[in-house]
Each structure stands twice: as structure tokens, then as C-alpha cells.
Amino acid sequence: MLTDITESNRAGWNQIHSARPGQPASYFAGGGSTLSADELAAAGSVRDRRVLQLACSCGDEVLSWAQLGAVVTGVDISEVALEMARSKSAAAGIPADFRRADMLALPADLTGFDLIYLSWGAICWVPDLTVFATLIASRLAPGGSILLADHHPVWEVLAVQGPGQLTVAADYFGRSTPRATIENTKLPTGARDNPDAPTFTAFVWPPSDIITALLAAGLTLSAFQESPVAEMYPALGPMATHLPAVYLIKATRNVSHETLQQVAE
């Protein structure tokens with residue numbers, strides 16, 4: 001079933017990605033970045049560090065990390081998205097490696113990363129957190145971290161119906177139950193307000209589940225924060241800042257005793 005979901009989603013992304021160009025190459029050639037201040041603060045310096053972005057889409061964040069001096073690989077399931085990313089990388093003159101793969105079936109050589117990063121609208125496509133966390137932990141270098149910045153599941157399940165009006169459009173505790181029906185405002189750009197858009201299947205994961213899976217995989221929680229973004233709850237006015245809209249999780253692979261010994265020697 002999961003393979004069917006993945007392939008269906010891949011076909012859907014290929015269909016709509018032409019409507020998802022992101023920033024132009026000139027934006028990055030001029031030093032632009034799509035990373036938030038919170039992401040940059042959590043990541044710390046990435047100069048000369050190996051960074052892997054999963055679900056990299058058209059490559060905006062990959063190029064943003066590369067601008068900071070990182071050696072970056074971007075992985076996405078959509079051939080169309082990667083063609084856009086490679087074209088943008090070449091036009092901007094910012095080198096990066098782009099690979100097509102399912103984030104739960106990464107090529108064997110993609111390992112030993114200092115930072116593995118997932119950005120907005122990525123974790124909802126993961127069907128199994130245990131498999132995901134175990135894989136991520138195995139692909140980090142000792143001392144490496146995973147940084148996950150995404151929409152808060154509260155935002156995923158609440159839909160604004162009018163001024164001051166909210167309705168529950170999905171199950172916050174849906175977890176591994178596929179969410180085949182996605183409320184229009186939560187659909188990806190290119191599918192929103194598009195009667196001919198493909199159907200996508202996603203999942204709702206509470207942050208507590210994500211953190212628990214990362215801890216069970218042997219990582220140590222380094223940071224967890226939740227933040228409001230008023231623009232994500234239109235028509236709620238000042239009350240929009242009373243609800244979480246985004247969150248950030250950072251978890252780190254401990255440096256092993258053997259590694260510490262090697263450093264000391």
C-alpha cells in the first residue's frame with residue numbers, strides 16, 4: 001500500500017511542479033536565502049559541512065545552504081522538481097548534487113551527513129516514523145543533527161471558514177492512517193484552487209510522535225520550539241497569534257566513545 005501511495009504522490013508532484021518554481025536563479029546568485037532566522041540559528045555554522053535535504057522540491061533551500069558554504073545534496077521524488085532544481089543551480093552558479101529517490105529508500109552512498117534537513121510540508125509525506133527516524137540516524141555522522149522545520153499539525157487540521165470561524169478538517173491523531181482528503185487551503189501550491197489537481201495522500205504526525213521516534217532511534221533532542229504565524233490563519237485577526245502554526249525540531253547523534261578517542265589521539 002505504501003508503494004502505491006508513494007508512486008501516486010510522485011505522479012501528482014510531477015503534474016503540478018511547473019506551478020511551483022520557487023525563487024528565480026537570480027535571487028540566489030544575488031545572495032538570497034529562503035531559510036528562516038530560526039532555522040539558521042538552530043543549524044549553526046554549516047561552512048564546509050555536508051548537508052542533505054529530503055523532499056527538496058525545486059531546490060531553494062538546497063541553494064540557500066550552499067550559499068553558506070555547505071556541501072549540499074538534495075533528494076526529491078519528483079523528476080520535474082529536480083529538473084527545475086538542477087537548472088536553477090546551474091543558472092545561479094551554485095553547485096549542488098540533486099538525486100531522485102524516495103526519502104525512505106535513499107541510495108547507499110548518501111551517508112555521513114553533518115546535517116539532514118526537512119522543510120515546510122515534508123514530514124506529512126512520511127508514512128512510517130519508526131522507519132524514517134532509524135534511517136535518518138543511520139545516515140548522520142557522529143555529532144550530526146537532523147533539523148526539521150514544518151507546519152504545525154494544529155494548522156494542518158484546522159480550517160478557517162470565515163471571520164473568527166474555525167472547523168476541524170482532519171484528525172490530529174491520525175498518525176499512520178492515510179489522509180486522502182486534504183482541505184483546500186492545506187493543499188500544495190499548484191493543487192490549491194485547482195479543480196484538475198491530482199489527489200495526494202498525506203499523514204498527520206503530532207510533534208510528540210516525531211520526537212519520540214527520533215529518541216528511540218538513539219538521537220538526543222537538541223531543540224524544540226512552536227511558533228505562531230498570523231498569516232497562516234487568515235480572517236482570525238489578532239487571535240491568529242494564539243495558535244501554533246509552525247514548529248522546529250533538532251535532534252543530534254551523539255559522538256561515540258570511539259570517535260572521541262580518535263579525536264584525542
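1. Cover over helix α8. In this predicted model, the buried residues of α8 are covered by elements that include α6 (129-139), β5 (140-151), α7 (153-157), β8, β10 and β11. The helix itself spans residues 207-216, and its buried residues are Pro-207, Asp-209, Ile-210, Ile-211, Ala-213 and Leu-214. After α8 comes Gly-218, with a positive phi near 95 degrees.

2. Asp-209 pairs with Arg-175 through their side chains, at 2.3 Å from N to O. The two are 34 residues apart, and the pair links distant parts of the chain, Asp-209 being in helix α8 and Arg-175 in strand β8. Asp-209 is buried, at a relative accessible area of 17%, whereas Arg-175 counts as partly exposed at 32%.

3. Backbone at Arg-175. Strand β8 covers residues 175-179 and includes Arg-175. The phi of Arg-175 is near 50 degrees, which is positive although the residue is not glycine.

4. Ser-57 is another residue other than glycine with a positive phi, here near 55 degrees. Ser-57 sits in the loop between β1 (50-54) and α4 (60-67). With a relative accessibility of 16%, Ser-57 counts as buried.

5. The structure holds eight salt bridges. Bridges with shared partners join Glu-7, Arg-10, Glu-79 and Arg-100 into one network. Within helix α1 (residues 2-16), Glu-7 and Arg-10 are three residues apart, about one turn of the helix. Residues three or four places apart in an α-helix point the same way, because there are 3.6 residues a turn. The side chains of Glu-7 and Arg-10 form a salt bridge of 3.0 Å, N to O. Glu-7 is partly exposed, with a relative accessible area of 37%, while Arg-10 is buried, at 19%.

6. From α1 to α5. Arg-10 also forms a salt bridge with Glu-79, at 2.8 Å from N to O. Because Arg-10 is in helix α1 and Glu-79 in helix α5 (residues 79-92), this pair ties together parts that are 69 residues apart in sequence. Glu-79 counts as partly exposed, at 33% relative accessibility.

7. Cysteines. How many disulfides does a search of the whole structure find? The search finds zero. Cys-58 is in no disulfide, and the nearest cysteine sulfur, in Cys-56, is 8.4 Å away. For Cys-124, the closest cysteine sulfur is also that of Cys-56, at 15 Å, which is too far for a bond. The cut-off for a disulfide is 2.5 Å between the sulfur atoms. Cys-58 counts as buried at 5% relative accessibility, and Cys-124 counts as buried at 12%.

8. Surroundings of Thr-73. Strand β2 (residues 71-76) contains Thr-73, which is buried at a relative accessible area of 8%. Setting aside residues up to four places away in sequence, Thr-73 touches Val-51, Leu-52, Gln-53, Asp-97, Arg-99, Leu-110 and Phe-113.

9. A buried loop residue. Leu-236 belongs to the loop between β10 and β11 (246-253). Is Leu-236 buried or exposed? Leu-236 is buried, with a relative accessible area of 11%. Beyond its neighbours within four places in sequence, Leu-236 contacts Val-160, Gly-164, Gln-165, Leu-166 and Leu-243. Leu-106 is 130 residues from Leu-236 in sequence, and their C-alpha atoms are 41 Å apart.

10. A nonpolar patch. Leu-215, Leu-221 and Phe-224 make a nonpolar surface patch of about 250 Å². Phe-224 lies in strand β10 (residues 219-227) and is partly exposed, with a relative accessible area of 37%.

11. The chain as a whole. The secondary structure consists of nine helices and eleven strands. The chain is as compact as a globular protein of its length, because its radius of gyration of 18 Å is close to the 18 Å that the globule rule gives for 265 residues. Along the principal axes, the C-alpha atoms fill a box of roughly 65 × 40 × 40 Å. Of the 265 residues, 48% are buried. Among contacts with a separation of 6 or more, 72% are between residues 24 or more positions apart. The accessible surface is about 12100 Å², and 54% of this area belongs to carbon and sulfur atoms.

Definitions and conventions:
Residues numbered from 1 in each chain as written. Predicted model: local features only at pLDDT ≥ 70, side-chain atom pairs only at ≥ 80, totals over all residues. Heavy atoms only, no water. Helix = DSSP H or I, 4+ residues; strand = E, 2+ residues; numbered from the N terminus. Buried < 20%, exposed > 50% of the residue type's maximum accessible area, 1.4 Å probe, protein only. Contact = heavy atoms within 4.5 Å. Patch = residues over 30% accessible without salt bridge, like charges linked within 9 Å, V, L, I, M, F, W, Y side chains within 5 Å. Areas by Shrake-Rupley, 256 points an atom, 1.4 Å probe, with all protein chains shown as cover. Salt bridge = Lys/Arg side-chain N within 4 Å of Asp/Glu carboxyl O. Rg over C-alpha atoms; globule rule 2.2 N^0.38 Å.
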